[in-house]
Amino acid sequence: AVVSTQSTGEAGEWQVMLNKRSEELRRHPGQVCFSGGMREEGDRSSADTALRECEEETGLDRNIVQIISVLPTVKVYQKQMSLTPVIAMVPPDTFSTYSFTKNSSEVAAIFHAPLSAFLSDANHSVEANPAFDVHHFFVDFAGERFDVMGITGHLAVCVALLGLNRKPDFQYRLPEQYLIVEKVLQERIEGFI
């Protein structure tokens, strides 16, 4: 997750950058996600993978990105895939002033949303599920409505909960595999602020 403050809208409001995946992709076409992808041979670490993928997908220069934290790896999709969340920050107003260049073969759209959107009951719905609830956050950006859901929605809630230091306006049950992520993120954000 790449976060930044914006001077537009509410002064100093925290924003998070998201991508809508290309409809041409084999896995999860058209879904909203954070930048990221598979580790490649030249990657030295999970943070290096995240920086490379973000630069490939959005054109965001890795030299202006500051890694805040690399969180514990969690198993997702019935434990068939490992995910290592990397939280990073860019300078204030980057989202509104930077000239992003999307990789059209992977990314249909690049957008940003206020972190507060992931704690608000407005534009939010939930599908109850015995294993975990599927939250949908509907974000409007540049005339398009995006559905942030699934793993991306849960990770956005985790970052918002801890980054904004307040509870959501709705009942929230974190999937069990994310409990360690929430605990470690809380410790690291407290050390960073």
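Me: Which side chains meet in a salt bridge with an N to O distance of 3.5 Å?

Reply: Side chains of opposite charge can pair when their charged atoms come close. A salt bridge here is a side-chain nitrogen of Lys or Arg within 4 Å of a carboxyl oxygen of Asp or Glu. In this structure the side chains of E40 and R52 meet that way, at 3.5 Å from N to O. The pair links distant parts of the chain, 12 residues apart: E40 sits in the loop between β3 (32-33) and α1, and R52 in helix α1. Before we go on, note that this is a predicted model, in which local features need pLDDT of at least 70 and side-chain atom pairs count only at pLDDT 80 or more, while totals for chains, interfaces and linings use all residues. Residues are numbered from 1 along each chain as its sequence is written, and side-chain values use heavy atoms, leaving out hydrogens and water.

Me: With which other residue does R52 form a salt bridge, and how far apart are the closest N and O atoms?

Reply: That residue is D43, with the closest N and O atoms 2.8 Å apart. A network of salt bridges links E40, D43, R52, E53 and E56. The count for the model comes to 10 salt bridges.

Me: Is R52 buried or exposed?

Reply: Buried means under 20% relative accessible area, exposed over 50%, and partly exposed in between (1.4 Å probe, protein chains only). R52 counts as buried because its relative accessibility is 10%. D43 is also at 10%, so D43 counts as buried. E40, at 43%, counts as partly exposed.

Me: Which residues does R52 touch, not counting those up to four places away in sequence?

Reply: Contact means heavy atoms within 4.5 Å. By that test R52 touches M38, R39, E40, D43 and R62. R62 has its own salt bridge, its side chain meeting that of E55 at 3.0 Å, N to O.

Me: How do I check a helix, and what span should α3 have?

Reply: Helices (H or I, at least four residues) and strands (E, at least two) are DSSP runs, numbered from the N terminus. The expected span of a helix is 1.5 Å times one less than its number of residues. Helix α3 (residues 150-164) has 15 residues, so it should span 21 Å; its end C-alpha atoms are 21 Å apart, which agrees. Just after α3, N165 takes a positive phi of about 55°.
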